[in-house]
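Here is a short briefing for a first look at this chain. Take the overall fold first, then the sheet, then the packing.

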Amino acid sequence: MKNSIEIKMAETATDFAHAKKLILEYVAWLGIDLSFQNFDKEMAGLPEMYNHKGGGLFIAYINEEAVGIAGIRRFNKNDGEIKRMFVQPNSRGLGIGQLLLNHCIDKARQLNYDTIKLDTADFMKSAIKLYTDHGFKEISAYRHNPHESAKYFELNLKE
């Protein structure tokens, strides 16, 4: 049976439960303590943090099973930030990351952001390739991150 991939913006309590499960799976996979990012507060307030006025949480489903996530939220007045982009290892290689990223970029354009920022870890080579293939450029740190492996990227939407 062919995999049916659907990208859906989180709106219901069930959607946010799927999102939370995927984000916690991502953090476990990442192996980095994210407490410096007020992670517990973020988990407690996903619907507020990723509200539709400033962005949203996109969930990828294969045959109605949640397998990937990416969030975009307001960073400041003119800029958005992509957070928590993750595709479960057994669902990689199907173009899900690209679909999620495209939804985030489209949402940022709808919200008239000037740029989209993100941070990632230097060992996440395929994610970095995905970002740079979509026009993201490496920039200096725009937020505190105590991990030496952190890399920062930005996509200018006004060019």
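Along the sequence, the chain follows the pattern β-α-α-α-β-β-β-α-β-α-β-β. That gives 5 helices and 7 strands. Helices (H or I, at least four residues) and strands (E, at least two) are DSSP runs, numbered from the N terminus. This is a predicted model: local features need pLDDT of at least 70, side-chain atom pairs count only at pLDDT 80 or more, and totals for chains, interfaces and linings use all residues. Residues are numbered from 1 along each chain as its sequence is written, and side-chain values use heavy atoms, without hydrogens and water.

**The sheet**
- The 7 strands form an open, mixed sheet in the order S1-S2-S3-S4-S5-S7-S6. Two strands pair if DSSP finds at least two bridges between them.
- S1 (5–9) and S6 (137–139) are the edge strands; each has a single partner, so one side of each lacks a neighbour in the sheet.
- S6 runs antiparallel to S7 (residues 150–156), joined by 3 bridges.
- Ile139 stands opposite Tyr152 in S7.

**Helix packing**
- Helix H1 (residues 13–30) packs on the sheet and touches S1, S2 (56–62), S3 (65–74) and S4 (79–87). Contact means heavy atoms within 4.5 Å.
- Helix H4 (residues 96–110) lies across S1, S2, S3, S4, S5 (115–121) and S7.

**Whole chain**
- The C-alpha trace spans about 45 × 35 × 30 Å along its principal axes.
- Of the 159 residues, 49% count as buried (under 20% relative accessible area, 1.4 Å probe, protein chains only).

Note on methods:
Axes are lines fitted to C-alpha atoms, for helices over the stretch in contact, and angles run from 0 to 180 degrees between N-to-C directions. Buried means under 20% relative accessible area, exposed over 50%, partly exposed in between (1.4 Å probe, protein chains only).
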